[in-house]
Amino acid sequence: MSKDPASRKTVSRKKEHVDITLNRDVGFREKGTGLDQYDFVHNALPGLNLDDVDTSTRFLGHTLSLPFMVSCMTGGYAGALAINRRLAEVSEETGIALGVGSQRQALQSKEFHRTFSIVREIAPTIPVVGNIGAAEVASMKTADPVRKLVDLIRADAFAVHLNPLQEFLQPEGTPNFRGVIEGIAMLVRTLQVPVIVKEIGAGISGDVAGRLLDAGVTIIDVAGAGGTSWAGVEVLRSRDREFASRFWDWGIPTAAALRETALLKQTRSFTLIGSGGITSGFDAAKCMALGADLVASARPMLAALHHGGTRALRSLLSSWARELRGIMFLTGSRTLTDLQHAPLVTRWTA
Ligand SMILES: Cc1cc2nc3c(=O)[nH]c(=O)nc-3n(C[C@H](O)[C@H](O)[C@H](O)COP(=O)(O)O)c2cc1C
C-alpha cells in the first residue's frame with residue numbers, strides 16, 4: 001500500500017463507497033426519477049415486424065448494440081480489479097460503453113493502475129471512458145495529468161464529474177468549485193478525446209448544460225435524482241448524520257433534468273446521456289423519448305454483478321434489451337431515432 005497519506009485516503013474512500021452502495025439502502029427516499037409519471041402512447045398499428053427493430057447506435061466512433069453505458073464507478077483499490085474486469089467482460093460481450101471510476105488515485109500512485117487498465121485489456125472494441133472529479137479539474141493548470149489518465153486506459157472520452165453536494169457533505173470533501181468551468185474548457189481545448197461532463201445523482205439543469213455547451217462540451221450525462229443518493233452515502237459515512245440527512249433527497253429528478261437539457265438540442269448539437277435511477281428497459285426507453293441518445297446506469301449494474309456475478313449482469317442487460325425492443329415495436333419505432341420521437345404522455349390513471 002502506498003505510503004502517501006493522500007493516496008491512502010483516496011483508496012479507503014473508494015472501497016467504502018462501493019461497500020456502502022452495495023450493502024446499505026442509499027436510494028432516494030421521497031423523490032423518484034419522475035420517469036414513472038410518463039406513458040408511451042401505444043401504437044396498435046406499428047407498421048413493422050419485431051425483427052425490424054434495430055437497437056444499435058453510434059457512440060464515440062463505435063457501434064453499440066444497445067444504447068447503454070455502465071456509468072463510471074470504480075478503480076484505485078485492490079478490490080476494484082475484479083469488479084472492473086467483470087464489468088469490462090460483460091460490456092465487451094454485449095457491445096455497450098463502459099466508464100471507470102475516478103482516476104484521482106492513479107495520479108497519486110502507480111500502485112493500482114492495473115485496476116483501471118484492466119478495462120482496456122478485457123474490452124478492446126467498446127468505448128471506454130476515463131474519469132476525474134470537478135474539484136481536481138479546478139486546480140489543474142494543464143491537461144498533462146489527464147492525458148496520462150486517458151493513456152492509461154486508452155480512453156475514447158474523458159468524463160469530469162460534478163459533485164458539489166458530495167464535496168459539501170463529505171468530511172474530507174473539497175467544496176471548491178471556483179474555476180471548474182474554466183478547467184473543463186481547458187480540457188476541451190487541449191485533450192485529444194471528447195470531454196463528457198456528468199453529475200453523480202443530483203442532476204444537471206438546462207442552465208448548467210447551456211454553460212457546459214458554451215465551454216465546448218459535446219457530451220452531457222444528466223445523472224439525475226431518483227437513483228443512488230450520494231448524500232445518503234455520505235450520511236452513512238458522516239459523524240453528523242442528522243445534518244447530512246437533510247440533503248438526502250436533494251437534486252433534479254432524472255426526467256426533469258433530461259427534459260430541460262434536451263430543449264437545448266433545438267439550437268445546439270450534442271450527445272445527451274440519461275442516467276440516475278435507471279432500473280429497467282422501460283426507464284431507458286423513456287429517457288430516449290425525453291431526448292437522451294444513450295442511457296447509463298451505475299448501482300443496479302454493480303449490485304447485479306455483486307449478487308449474481310457476470311451471469312446476473314448479462315441477464316439484467318438482456319432483460320432491459322428485451323423490454324427496450326418490445327417498447328420500440330409497440331411504438332412503431334424501427335430505430336432509436338424513431339424512439340426519440342415517440343410521443344410520451346403524462347401517465348394515464350384509471
Ligand atoms: C460504487 C459507486 C461509485 C461511483 N463512483 C463514481 C466515480 O468515481 N466517478 C463518477 O463520475 N461517478 C461515480 N459514481 C456515480 C455514478 O456514475 C452515477 O452517476 C450515479 O450513481 C447515479 O446512477 P445510479 O442511480 O444508476 O447509481 C459512482 C457510483 C457508484 C454506485
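In which helix does Asn 23 lie? Asn 23 lies in helix H1; helices (H or I, at least four residues) and strands (E, at least two) are DSSP runs, numbered from the N terminus. This is a predicted model, in which local features need pLDDT of at least 70, side-chain atom pairs count only at pLDDT 80 or more, and totals for chains, interfaces and linings use all residues. Residues are numbered from 1 along each chain as its sequence is written, and side-chain values use heavy atoms, with hydrogens and water left out.

The predictor's confidence in each residue is pLDDT, from 0 to 100. Its mean over the chain is 96, and 98% of the residues reach 70 or more. Within the chain, confidence is lowest in helix H1 (residues 5-23), with a mean of 85, and highest in strand S9 (residues 219-221), at 99.

Asn 23 is exposed, since its relative accessible area is 54%. Buried means under 20% relative accessible area, exposed over 50%, and partly exposed in between (1.4 Å probe, protein chains only). Between Asn 23 and Ala 303 there are 9.1 Å in space, C-alpha to C-alpha, and 280 residues in sequence.

Phe 243 belongs to helix H11 (residues 241-245). With a relative accessible area of 31%, Phe 243 is partly exposed. Leaving aside residues up to four places away in sequence, Phe 243 touches Phe 168 and Leu 169; contact means heavy atoms within 4.5 Å. The C-alpha atoms of Phe 243 and Leu 169 are separated by 9.0 Å, and the two residues are 74 residues apart along the chain.

Next come two residues at the other end of the accessibility scale. Val 129 is found in strand S6 and is buried, its relative accessible area being 0%. Not counting residues up to four places away in sequence, the contacts of Val 129 include Leu 60, Met 69, Cys 72, Leu 98, Ile 153, Phe 158 and Ile 196. Ile 96 lies in the loop between H2 and S5 and is buried, also with a relative accessible area of 0%.

Why is helix H4 (residues 113-122) largely enclosed by the rest of the structure? Seven of its 10 residues are buried, so the rest of the structure largely encloses H4. The buried residues of H4 are His 113, Thr 115, Phe 116, Ser 117, Ile 118, Val 119 and Arg 120. Their cover includes helix H2 (80-94), strand S5 (97-99), helix H3 (104-108), strand S6 (128-133) and helix H6 (144-153).

Two packed helices are described by the angle between their axes and the distance between the axes. Axes are lines fitted to C-alpha atoms, for helices over the stretch in contact, and angles run from 0 to 180 degrees between N-to-C directions. For H2 and H4, the axes come within 8 Å and cross at roughly 20 degrees. The two helices are therefore roughly parallel to each other; angles under 35 degrees count as roughly parallel, over 145 as roughly antiparallel, 65 to 115 as roughly perpendicular and the rest as oblique. On the H2 side, Ala 80, Leu 81, Asn 84, Arg 85, Ala 88, Glu 89 and Glu 92 meet Arg 114, Thr 115, Ile 118, Val 119 and Ile 122 of H4. By class, this contact of H2 with H4 divides into six nonpolar, two polar and four charged residues. Ala, Val, Leu, Ile, Met, Phe, Trp, Tyr, Cys and Pro count as nonpolar, Asp, Glu, Lys and Arg as charged, and the others, Gly among them, as polar.

Gly 281, Phe 282 and Ala 285 of H13 make the contact with Trp 320, Glu 323, Leu 324 and Ile 327 of H14. The contact of H13 with H14 has five nonpolar, one polar and one charged residues.

Backbone angles come last. Most residues other than glycine have a negative phi, and most peptide bonds are trans. Leu 60 has a positive phi, near 55 degrees, and is found in the loop between strand S2 (57-59) and strand S3 (62-64). Arg 154 also has a positive phi, near 45 degrees, and its place is in the loop between H6 and strand S7 (157-161). Arg 154 is exposed, with a relative accessible area of 56%.
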